Amino acid sequence: MAVNQISLRGELGWDFPPRPRPKPKKGKKPSSPPQISQLQATASGAGLSGTLPLILVPFWNPTAGLFLINYFDTTNFDCEEDASYYFRMEEAQDKSVTIHKMILTYNNLGQASLTAGITYYSRDTDQYYTASKNIKIGTKIPDFKQHKTAIDLVVTGESPQIFITRKANSGPVSIIRLTIAGHTGEGELV
Amino acid sequence: MADQGKNGKSDSYFEIVYEQPFNGLHTTLPANAIERNNSPTFSNFTLRNGELRTRPRMLTLYPFPQAYGIPLGVATFVDAQNNIHTVVVSQYGIYQLTSGLLRNTPNAWQRVYAFTEAPNITAPISFKVSLNKLYITFASNRLYQWDGLVTPTVVSQVDNTPTYAGSYFLGELAFRLIMLNTVEGKTPQSITSFPSRIRWSASGNPTHWNPSSDIGAGFDDMIDVPDSITGFAAPGQNGLVFRSNGISEMIPLAGGTIPFEWNHMWASENGIGNVYPFSIANYGPLSAFLSIDNAYSISMGGLKDIGGKVIDTLYKDIENAAGAPVATILSAFSQSYPYTCWFISIPLQGQAVNYSKNWLYNFHNDSWETWVENSGIITGKPAFVPTA
């Protein structure tokens with residue numbers, strides 16, 4: 001089989017065999033891998049070729065009136081849609097709890113904005129409430145290491161449930177651990 | 001959550017840690033009754049490698065011209081001259097990708113063949129690659145063969161009338177191409193459906209389907225079971241014929257006029273079977289399907305219930321589907337991102353436009369997640385294209 005060295009190899013930042021990246025000159029930013037826009041079909045026939053496979057997705061965008069052949073770019077986790085994650089609703093034997101601290105441990109994939117919040121229940125009003133905080137995580141140049149950030153939210157109520165939401169195109173988010181701290185209520189159940 | 005405090009009262013400090021393994025959605029229990037590492041609802045996060053990570057971004061590789069129709073399926077094969085062909089099938093014809101184009105180039109597709117009849121777009125397009133040729137059928141009385149070199153041809157004449165056949169499902173077993181749940185007739189306009197019929201080609205020759213002229217070709221109507229064929233998988237030496245209320249093993253014999261026998265795992269009127277033809281997917285020895293009561297995987301180890309934690313929500317989405325859902329098993333999303341998952345895409349009606357809610361089942365950690373794409377719907381099975 002004729003092996004055409006598809007530009008995808010360089011686009012994803014690695015080569016066969018691995019070559020050392022040129023050291024950036026002083027005062028200049030290090031060069032980033034070539035962008036995925038250089039992807040091209042280079043087969044001697046008519047299809048995609050190279051060493052890196054893809055998932056091709058037949059797609060219809062009715063708003064734009066377009067039919068498309070899409071793919072998922074696994075080098076880019078800045079999802080183009082809103083994302084959300086709700087943790088388990090916690091219980092303290094039907095007592096009220098106060099949560100006063102959250103520590104988020106994340107993998108630094110780059111700058112991202114997200115919202116961390118808590119929904120909680122008030123038996124007095126028989127309603128649910130939400131408290132949230134917008135936070136920014138990550139650095140402009142990702143180091144792919146674990147970082148931590150504290151989220152200072154103080155809420156008191158029953159059945160607290162933590163959530164993380166992120167707007168579309170707000171950067172890549174990778175959560176490794178979330179720790180919450182607080183106190184349960186005093187006395188007997190009333 | 002509460003421990004004895006220092007004063008002996010129940011006021012106490014607590015910490016709760018949420019960390020891996022994140023075990024995905026659990027929607028069949030109340031939100032305070034699930035395990036800590038489950039979630040009652042989430043979307044567009046993926047659970048790979050012990051992280052909650054936003055899912056990969058979906059990008060356009062190439063547009064598909066509106067005049068060419070709706071892309072219903074993608075396939076790839078290598079022809080006898082070692083040329084690679086990436087093919088899209090729409091209701092109007094077969095198209096292949098032009099070589100040497102940058103991403104997002106318009107008019108990247110050239111028509112190879114124009115259909116004289118439109119595929120039934122609520123039935124899955126079936127592809128099979130055999131001996132450097134691509135075979136395509138889509139529930140009309142046509143089985144197309146394309147060798148990548150000359151114009152595609154119809155190769156499924158089944159008697160001397162001549163009558164032609166196509167099918168809903170295509171498989172390969174014991175050197176024979178297999179058509180299941182066939183559609184037969186002299187012309188595309190006068191067809192008869194045979195939902196229990198299985199046809200096989202001559203051994204080693206997928207263009208010979210006429211038992212009158214080739215003793216190796218033949219067919220069988222599974223009249224000893226009450227239901228119709230809804231899928232096929234070939235996990236190993238034997239094939240699995242999925243029916244709406246059961247599964248039958250298709251066992252190759254030594255040859256002769258009857259090269260197969262069938263072992264019905266169960267032949268009752270009610271039983272575990274594949275009720276949604278679009279849902280069946282297989283990858284090596286692993287197959288997954290949706291029965292009336294649950295989602296199952298079937299492998300060498302037997303049948304396994306995999307839908308328990310999400311089945312209500314999943315089936316509610318299927319009930320509300322605005323079009324034909326599609327499903328496939330993906331082994332990886334790229335070379336650096338292996339992720340064996342059953343990918344079920346369900347089009348749902350949005351406020352303004354239809355959108356896709358994609359359910360992914362991760363076979364490694366037995367977890368479910370959802371990826372939502374609000375810009376539109378997936379119109380055919382995603383295909384893993386090994387580019388070398």
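I began with B:Tyr68, which is partly exposed, with a relative accessible area of 22%, and I noted that the value comes from a predicted model. That figure falls outside the buried class because buried means under 20% relative accessible area.

I then looked up the ring partner of B:Tyr68 and found an edge-to-face pair with B:Phe64, at 5.8 Å centre to centre and 75 degrees between the planes. B:Phe64 is buried, with a relative accessible area of 2%.

Over all chains, I have 40 aromatic pairs on record for the structure.

Next I followed the ring pairs that join residues into a cluster, and the members are A:Phe72 and A:Phe77 together with B:Phe333, B:Tyr337, B:Tyr339, B:Phe343 and B:Trp371.

Last, I turned to B:Leu25, which I located in the loop between β1 (13–19) and β2 (41–43) of chain B. B:Leu25 is buried, with a relative accessible area of 3%. Leaving aside neighbours within four places in sequence, I listed its contacts, among them B:Pro40, B:Phe42, B:Val310, B:Trp359 and B:Trp368. I also checked B:Asn37, which is 12 residues from B:Leu25 in sequence and 9.2 Å from it in space, C-alpha to C-alpha.

Technical notes
Residues numbered from 1 in each chain as written. Chains lettered and ligands numbered in written order. Predicted model: local features only at pLDDT ≥ 70, side-chain atom pairs only at ≥ 80, totals over all residues. Heavy atoms only, no water. Helix = DSSP H or I, 4+ residues; strand = E, 2+ residues; numbered from the N terminus. Buried < 20%, exposed > 50% of the residue type's maximum accessible area, 1.4 Å probe, protein only. Contact = heavy atoms within 4.5 Å. Phe/Tyr/Trp six-rings, centres within 6.5 Å; stacked < 30°, edge-to-face > 60°.
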